[in-house]
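Dear colleague,

I am handing over the structure we spoke about, and my notes follow it. Please read them alongside the coordinates.

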Amino acid sequence: MARPMADAPRIAIAGAGIAGLTAALALARAGNPVSLIEQSAVLEEVGAGIQLTPNASRVLIGLGLRDALAPLVVTPAGMDVRAGGSGAVLASGPLGPEIEAAYGAPWWVVHRADLQAVLLQACRNEPAISLETGLRLVSATPLESGISLILERSLSGTGESPPSGSDAVSAQEKRLVSALVGADGLWSAARKALGDKNLPHNRSRTAWRATVPVDTAPPGIPRDRVGLWLGAGAHLVHYPVKAGRLINLVAILSDPSSGESWSGPGDKMVLVRRFRNWAEPARALIAAADSFLTWPLGDRDTWFGPGEGAVTLMGDAAHPMLPFLAQGGAMAIEDAAVLAREVQATPGDLAAAFRRYEAARRARVAAVQRGARVNGRIYHLDGPLGFARDTAIRLMGGKHLVSSYDWIYRHKA
């Protein structure tokens, strides 16, 4: 890969989550200095597990991260789809060596904090990347000379003192950069600053997440496989993380009252009652969790920005999606690879590079968004429609269940 050049344009990235860190690393490796701007004072990844399907893992491997990730990831042996009520296996498919042989890259599951830590360390090892925390994007204005940013720096918890006689807890500053990439998630400040004032769509689903030590997980829950349980108005996903020491558990409920808070404590008894008619292993896994955090699920239409100047969006800032294809993180990782490739092709014309990136990504991410929405409806079907879903999955079989998403997993960003 190209190494950063002293006269290369500096690209600012708003957001230092998985999307922003991957983009920073890919852009730096392609020859561009990068300024990472993160509004949180401390980098802490929200959430628990993430599935890295082959289309995402091949990008991370291409960035040289395989050895760093190897002690942290799990390559699950397979996936089991079960009926929530009876616990019957509807279909089983392989996810181990067969996947890497078929797609040229592995299917990994990993704790988000572990993935973020590896990406963060790789970025810190790159002299072309600077990271500033406690700095929030307020506005972005394209100019002939670059992109003018107004940033708000938090003075609380940073060791800085407000001006004498002032009650201020933040201070604004201006900065001129060559380009801006918004990678700051579903409630993206960058997206708002670039002109989209619309709010995300509430999809009336609430996710409950927890981790369970593998030695306390019930015997009916495999330690080395992905599990997907389907039922009326709810579904359950579990898989190993932390090198197999924990089981990541996510329960998704149909919930018209779903709110806007990203994360909050959940009353475990609510979950126990909702799953009281499910098969015993599913109920036992929920009972084994000490506590749950909840967050409402939403998405918003694909939008990469105003389509002019050296500004664009990526990941959940551009195309947040429901988690029912396990592709939210994967699409952000793909974005990073495509963005870096296009910038490397025309480093002297970042606006043109950004337009090519957007054109390359728009149809694909929109298709994945649609697929996730469809799965969200299918997973929660009840009565005769639920029976028809289960029958169709049985007839399809596990191998075809995986291969039906070849168009996702074979993609090389």
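Does Arg 356 count as buried, partly exposed or exposed, and at what relative accessibility? At 29% relative accessibility, Arg 356 counts as partly exposed, where buried means under 20% relative accessible area, exposed means over 50%, and partly exposed lies in between (1.4 Å probe, protein chains only).

Before the rest, please note that this is a predicted model, in which local features need pLDDT of at least 70 and side-chain atom pairs count only at pLDDT 80 or more, while totals for chains, interfaces and linings use all residues. Residues are numbered from 1 along each chain as its sequence is written, and side-chain values use heavy atoms, with hydrogens and water left out.

The secondary structure of the chain comes to 13 helices and 18 strands, taken as DSSP runs numbered from the N terminus (helices H or I, at least four residues; strands E, at least two). The chain's radius of gyration is 22 Å, close to the 22 Å that the globule rule gives for 413 residues, so the chain is as compact as a globular protein of that length; the radius is taken over C-alpha atoms, and the rule is 2.2 Å times the number of residues to the power 0.38. Buried residues make up 53% of the 413 residues.

An open sheet of 8 strands runs in the order β5-β4-β13-β14-β15-β12-β17-β16, with mixed pairing, where two strands pair if DSSP finds at least two bridges between them. Its edge strands are β5 (89-94) and β16 (264-266), each of which pairs on one side only. Strand β4 (residues 78-83) is joined to β5 by 5 bridges in the antiparallel sense, and Met 79 stands opposite Gly 93 in β5.

Strand β3 (residues 49-52) pairs with β6 antiparallel over 4 bridges, and Leu 52 has Trp 108 as its bridge partner in β6. Both faces of β6 (residues 108-111) are covered, with Trp 108 and Val 110 buried on one side and Val 109 and His 111 buried on the other.

Salt bridges (a side-chain nitrogen of Lys or Arg within 4 Å of a carboxyl oxygen of Asp or Glu) come to 21 by this rule. Glu 342 and Arg 356 meet in one of them, at 2.7 Å from N to O, which links helix α9 to helix α10 across 14 residues. Glu 342 is buried, with a relative accessible area of 13%. Arg 361 also forms a salt bridge with Glu 334, the closest N and O atoms being 2.8 Å apart, and both Arg 361 and Glu 334 are buried.

Best regards
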